[in-house]
Amino acid sequence: RRGRGGKGGGGDDDAAAEPSATSGGKGQGPAKSRGQGGQPSQQHRQEPSESAGRSGGTGAVSAAHLSTTKFSSLQVSQQLKTALAKGFGYELMTEVQAATIGPMLDGKDIVARAKTGTGKTLAFLVPMVERIHGHPGGVGGPTSALVLSPTRELAAQIAEEGRVLLEYHKKLGIACFYGGTNIGGDQRDLAQKPCDILVATPGRMQDHLDNTQGFRKRLEQLKLLVLDEADQLLDMGFRDAILKILRALPPPGQRQGALFSATFPAAVGEISKLALRPDHSILNTVKADDEVTPDQIDQCVSVTDMEGMSELLWAVVNFEMKRLPREHKIMVFFTTARLTQLYSALFGQAGVEVLEIHSRKSQAHRTKCTDAFRSSQSGIIFSSDVCARGLDYPNVTAVIQVGIPSSREQYIHRLGRTGRAGKSGRCILLLHDFERFFLNQLKDLPIKQVSASSDFPGAPAAPDALWQPPDRKTAGQAYQAWLGYYNSVKGLGWPKDQLVREATRFAESIGAVGYDGLPPPILKKTVGMMGLRGVPGLNIVTALPYGD
């Protein structure tokens, strides 16, 4: 069954996810099953032991990432050793921890390259807590350490691990601020609780610098700055916000700094020159055989036309469900939040229950979905890139990527959700025929090209509900998001009039073209922002029929 026309609508812009703010205070006790760099339960011994039995973490760090260095060998406070032993149950460090904790304890600035899932979070939290534990700021006092994180979920996870470490440092407090919540709650916490360590997303951090009285002054005595997932911070468009934050902090010569990143694009090098001292060390803990992607992940690509994508996705999801009926954990990534929203609704109507997470959802909803998926034995989650990095979900059996990723790095980041802790995984890339050029960036990866019709057999016939958007607004928002995303895709080479024609074709493929043959309406001001003034084929209005 192919895409067909029907009534549709328009919508507002698909904004970049400011994965950014709730608040937190002092540590409340050991986390249940939370740990290393936000990864699932990590055994820090090669063999089972009493210590290893007490675990924390949301993901497993495989033995391949463990070192022979023990946490007990660190020259740190007894309170910190107790937190590591009792709060997490860890004995052995991972390789990234063994490589970075020592230099950071010595006060050195570092840039550390490490893969997600290797224990990065404790790699900077341990020296951070040790550095500041003798100088508690108290209620209303200075903030001694700042961690910038690209997403709300990762920020919350870092803060939760920090609370475990602070369980034995009662005078220290940790707060976590990110967008999507009322900034007044943050401000109350700043007034009522210690904030020695602040974990924040760049957008909310900038918000406080602009709008919270006394916030800048609290940063004047900052001792340590960490940029976590630095490459993703820059990928998500936070460069200007980071530069503004850096200007509000003591200069590198008066504080310590660290950048942790899975990749080293040029932008990370530029930021490191501004955020760190010139003599900073560069530490690479990514092994040569892990350089590209875990070899236990089976990768394939299937190419279809515009009209065939919904049906192909239906076939692939159902095939993966049938392949592991009781243990399938499937993550499906879309190019924008609004497309995630649309396909979540369509699959729900078609009888396939999915969890939905993207920047347009409330933080409470996102937390509920991530917790549900993490703890479930089987399930399906549809997502934009808010959970492509940093967070870990145990036992993901397949990652499906729908449409062209924004970069090779994004493809690999998404791929990293499966095949963890030494387990096998599967990644399926679904491209439109006009996106085939992207494969040139993946030539060195072991990706098999498969047939859409023969390699995903056994799916039930796609029901009509798969082409019936739940309402005009959802359809219109998806159309506008599609138009905006492909307007910015590098290498596509479309003139503006072809972009508009293809967007109408997309709208038709999801049942969003009206009986008059017009695509969903789009605001005149949005057309101008997209640089599409005067391009024929758009349904331009001054007000949307269903509101903004």
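**Salt bridges in a predicted model**

Both Glu-153 and Arg-366 are buried. The exercises below concern this predicted model.

**Exercise 1.** Find how the side chains of Glu-153 and Arg-366 meet, and state which parts of the chain the pair ties together.

Solution.
- Step 1: The two side chains form a salt bridge, with an N to O distance of 2.7 Å.
- Step 2: Glu-153 belongs to helix α5 (residues 152-166), while Arg-366 belongs to helix α14 (residues 363-375), so the pair ties together parts 213 residues apart in sequence.

**Exercise 2.** Locate Arg-426 and Asp-298, and decide whether each is buried, partly exposed or exposed.

Solution.
- Step 1: A salt bridge joins the side chains of Arg-426 and Asp-298 at 3.0 Å, N to O.
- Step 2: Arg-426 is in strand β15 (residues 425-432) and Asp-298 in strand β10 (residues 297-304), so this pair ties together parts that are 128 residues apart in sequence.
- Step 3: Buried means under 20% relative accessible area. Arg-426 has 13% relative accessibility, so Arg-426 counts as buried.
- Step 4: Asp-298 has 28% relative accessibility and therefore counts as partly exposed.

**Exercise 3.** Describe the pair Glu-320 and Arg-323, then name the network in which these residues are linked.

Solution.
- Step 1: The side chains of Glu-320 and Arg-323 meet in a salt bridge of 2.7 Å, N to O.
- Step 2: Both lie in helix α12 (residues 309-323), three residues apart, so about one helical turn separates them.
- Step 3: Glu-320 is buried at 1% relative accessible area, whereas Arg-323, at 36% relative accessibility, is partly exposed.
- Step 4: A network of salt bridges links Asp-298, Glu-320, Arg-323, Arg-426 and Lys-448.

Definitions and conventions. Residues numbered from 1 in each chain as written. Predicted model: local features only at pLDDT ≥ 70, side-chain atom pairs only at ≥ 80, totals over all residues. Heavy atoms only, no water. Salt bridge = Lys/Arg side-chain N within 4 Å of Asp/Glu carboxyl O. Helix = DSSP H or I, 4+ residues; strand = E, 2+ residues; numbered from the N terminus. Buried < 20%, exposed > 50% of the residue type's maximum accessible area, 1.4 Å probe, protein only.
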